[in-house]
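Colleague: I'm new to reading protein models. Could you walk me through this one, feature by feature?

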Amino acid sequence: MRKAFVIVSVLSLVAFALQFVFAAVGGFTRPTGDDAYALHSVNGMAVIPVLTVLTAVFAALAKAPGRLIGLAILPIGLVVLQPLIAMLAEAFTDASGVSTPLGLTIGGLHALNGIIAVHVVVGVHRGARQLAVPVPAGAGRLVTREGEPA
Ligand code: HEM
């Protein structure tokens, strides 16, 4: 189960990294149209949420510490925010459909939230790898009293 947790956390990290690539694909596609962000949309609305849920499920199945399970669940909340932030950014265009400073600031929060999510996913992957390292027998921490020889 611990190996499965590592594998699914890697897949999740790859999907998150690709999301930035797909954002650039959308930004550079000409002519700009509704389907410029199709890859970003599919990856963000389907692939990333599924992999994020799977990562949290495997963290629990691998009996990861509660903190790590919580960290694995956190990106779900951050990912759910992403379409809402994108919609809000679009909503703050002016009457002629031109972007406003407020709309662009909210759009920037979409990227910032994405960066935060990636950092969390990197942390989850590190935790999964540490959990998968077998602890050699007798390698537990030796606790001694002050002044007592170890
Ligand atoms: C972890 C990172 C990210 C996630 C999970 C994410 C997720 C999403 C999702 C779910 C949508 C809504 C798609 C739809 O409504 O069909 C969206 C839209 C969008 N995202 Fe991201 N995103 C991320 C990072 C970024 C970055 C870094 C940028 C650019 C700097 C970006 C730019 C956009 C734009 C411009 C839209 C609107 C696309 C449209 O008009 O259809 N995203 N994103």
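Predicted model: local features only at pLDDT ≥ 70, side-chain atom pairs only at ≥ 80, totals over all residues.

Colleague: Where do I start? How many helices and strands are there in the chain?

Modeller: Start with the elements: helices (H or I, at least four residues) and strands (E, at least two) are DSSP runs, numbered from the N terminus. Here the chain has four helices and zero strands. Read from the N terminus, the order is α-α-α-α.

Colleague: What share of the residues counts as buried?

Modeller: You count neighbours. A residue is buried if 20 or more other C-beta atoms lie within 10 Å of its own, exposed if 12 or fewer, and partly exposed in between, with C-beta atoms placed from the backbone. Of the 150 residues in the chain, 23% are buried by that count.

Colleague: How do I check a helix, say H1: what should its 27 residues span?

Modeller: The expected span is 1.5 Å times one less than the number of residues. For H1 that should be 39 Å, and its end C-alpha atoms are 40 Å apart, which agrees. H4, with 32 residues, reaches 47 Å from first C-alpha to last, close to the expected 46 Å.

Colleague: Which residues of H1 are buried?

Modeller: Here's the general idea: an α-helix has 3.6 residues a turn, so residues three or four places apart point the same way. In H1, the buried ones are Phe5, Val8, Ser9, Ser12, Ala15, Phe16, Gln19 and Phe22. Those buried residues pack against H2 and H4, where contact is judged by C-beta atoms, placed from the backbone, lying within 7 Å. In H4, the buried residues include Gly114, Ala117 and His125, and the buried residues of H4 pack against H1, H2 and H3.

Colleague: Can we zoom in on one residue? Is Leu71 buried or exposed?

Modeller: Leu71, in helix H3, counts as buried because it has 20 C-beta neighbours inside 10 Å. Leaving out residues up to four places away in sequence, Leu71 touches Val120, Gly123, Val124 and Gly127. Leu71 and Gly123 are 52 residues apart in sequence, yet their C-alpha atoms are 7.8 Å apart.

Colleague: What about Ala60: how many other C-beta atoms lie within 10 Å?

Modeller: Ala60 sits in helix H2 and has 16 of them, so Ala60 is partly exposed.

Colleague: What should I look for in the loops?

Modeller: Look at backbone angles. In the loop between H1 and H2 you'll find Pro31, and the peptide bond from Arg30 to Pro31 is cis, with omega near -5°. Lys63, in the loop between H2 and H3, has a positive phi of about 55° although it is not a glycine. Lys63 counts as exposed, with 12 C-beta neighbours inside 10 Å.

Colleague: Which residues does UniProt list as "transmembrane region"?

Modeller: The unreviewed UniProt entry lists 39-61, 68-89 and 101-122; such annotations may be inferred rather than shown by experiment. In the model, residues 39-61 are 100% helix, with end C-alpha atoms 31 Å apart. Residues 101-122 are also 100% helix, and their ends lie 32 Å apart.

Colleague: Last one: how many residues surround the ligand?

Modeller: A residue is near a molecule if its C-beta atom, placed from the backbone, lies within 6 Å of it. Here 20 residues surround the ligand, the closest being Ala23, Ser41, Gly44, Gln82 and Gly114. H1, H2, H3 and H4 each supply at least two residues of that shell.

Methods:
Residues numbered from 1 in each chain as written. Contact = placed C-beta atoms within 7 Å.
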